[in-house]
Amino acid sequence: MMIGSKLGRHCGRVGIRGRTINCSLLSTIAAPSTDLAAVSAPASSYNDKYWMPFTDNHKFKGFPRKVFERASGVYYYLEDGTPILDGISGLWCCNAGHGQPKIVQAIQTQAAKLDFAASFNSSHKLPYLFAEKLLELLPGRDFSQVFFTMCGSTAVDTALKIALQYHRANGDHSKVRFIGRERGYHGVGFGGISVGGIMPNRKAFSGNMLPFVDHIVHTHSLPHMAYSKGQPAWGDHLADDLERVIARHDASTIAAVIIEPVAGSTGVLPPPEGYLQRIRDICSRHNVLLIFDEVITGFGRLGASFATTRFDVTPDLITCAKGLTNASVPAGAVITRSNIFKAIQEAAHRSPGMQIEFYHGYTYSGHPLAMAAGIATLEVYQEQAIFENAAVLEPYFEQLLHSLKGLPHVVDIRNIGLMGAVEVAPIAGFPVARSMDIFDRAFEKGVFLRVTGSTIAMSPPLVCERKHLDQIVDTLRQSIIESAQLMQMPH
Ligand SMILES: Cc1ncc(COP(=O)(O)O)c(C=O)c1O
């Protein structure tokens, strides 16, 4: 069973003043602070040339939400100067907030000094430095190599390739199958959508995805775990679905399992207690590599460097991006354990004429600006004790979020680290109408959140203070109440 799209779907169309519009816009129109004349004005500056990703282009350009002009600290600012509190760290990525001076300076200096250097048979010193610093975040776990990519999607595809090549290097040529998980998001490469478990992200491309992929069940169950605080106590047995899938295909055909330690894009789903360790044990028993996709959970989001350290479960490969450079320059990375690089390197050097270990890389792997930004980012995380701040704020955020229990249509509240989610009951046939309505109202009130299906997700910058968390949750509270009173039902 797969679930709804990353950004949600069209929720239907209704008539207003003789025009037909998308129902999720009703929220904006119904919001008291919205000027109907302004909403109806021609959107000349939002032309059709820019094809927006994961967006209903028609809706956005017809009724553009005011766009951001600049950002600083935990705030975005609109063109008219209105501050919008960034309740989602951009897109789960600006962990240290916006415009950190040290990161800005590093990028500016590097751009003037060395704007580009290829990483194929040439280099500069920054990827070496950055790789070393990154590995310091994972002490004592045998991680030893970093492969730089351009983003999370390319990190995922790279990790899948490394897994294939690792087994091949060991002579296990039949180990080619990947196991993903329902409700998993692993970016948009063909590898990522194949192992991902979000139906609309796969549907249009389903005619030609990776052929040998299966999925285990997701861990979300409202009857068993609604309103859990942190990790649900129920559900570690769901890891055993991996045994079932491995048995179905035979371990000799399986290369790797990829999961997000906390599913982010499908609504903040913390792992049941003990679940990740059980997955780890099953993988070890069957010589199947375990990939943790830490594109969201990396770099302090859970109050620790990675989910790997927070949960004390060590995968074979980690994919990361986003907070890697505080999102200031696009970049991703795959972090691998020493046996993996060693096996691949030794196999390559056993074959005459095969000096290149891994026929893979990007023009922008190890890009100087990304490396400079990344090194400065890790320094900022350390100097400002940002991971620690997230850990300190976690209980406060948890208490605030769970105070929303009992509000109209709220069916679940989830949290871990500085990730939070409020799930509302979907309207039959219009799964994102209510959550979008709440999102729109919160934006009008000055807080930027995120909608994933019928869930409103939060992932505030890790540099925020209690007062910012108060503002996010108070605004969400008002928006939920207002939506219940004023939202016009789609039909
Ligand atoms: C867990 C996970 N993996 C991969 C990706 C893809 O990252 P990118 O958008 O940088 O390609 C994302 C993006 O949200 C993600 O959350």
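In this predicted model, D86 sits opposite F448 of strand β15. The pairing behind that contact joins β5, which covers residues 83–86, to β15 in the parallel sense, over 2 bridges. Both strands belong to an open sheet of 4 strands, ordered β3-β4-β5-β15, and the pairing across the sheet is mixed. Its edges are formed by β3 (68–72) and β15 (447–448), each of which pairs on one side only. As a reminder, strands of a sheet pair through backbone hydrogen bonds, and they can do so parallel or antiparallel.

Most residues other than glycine have a negative phi. W92 counts as buried because 23 other C-beta atoms lie within 10 Å, against a cut-off of 20 or more. K322 is another non-glycine residue with a positive phi, here near 40°.

A set of 14 residues surrounds it, and the closest are C151, G152, S153, G187 and V295. Helix α7, running over residues 152–169, gives the most to this shell, with 3 residues. By residue class, the shell around the ligand splits into 6 nonpolar, 6 polar and 2 charged residues.

Technical notes:
Residues numbered from 1 in each chain as written. Predicted model: local features only at pLDDT ≥ 70, side-chain atom pairs only at ≥ 80, totals over all residues. Buried ≥ 20, exposed ≤ 12 C-beta atoms within 10 Å, placed from the backbone. Near = placed C-beta within 6 Å. Nonpolar A, V, L, I, M, F, W, Y, C, P; charged D, E, K, R; others polar. Pairing = 2+ DSSP bridges.
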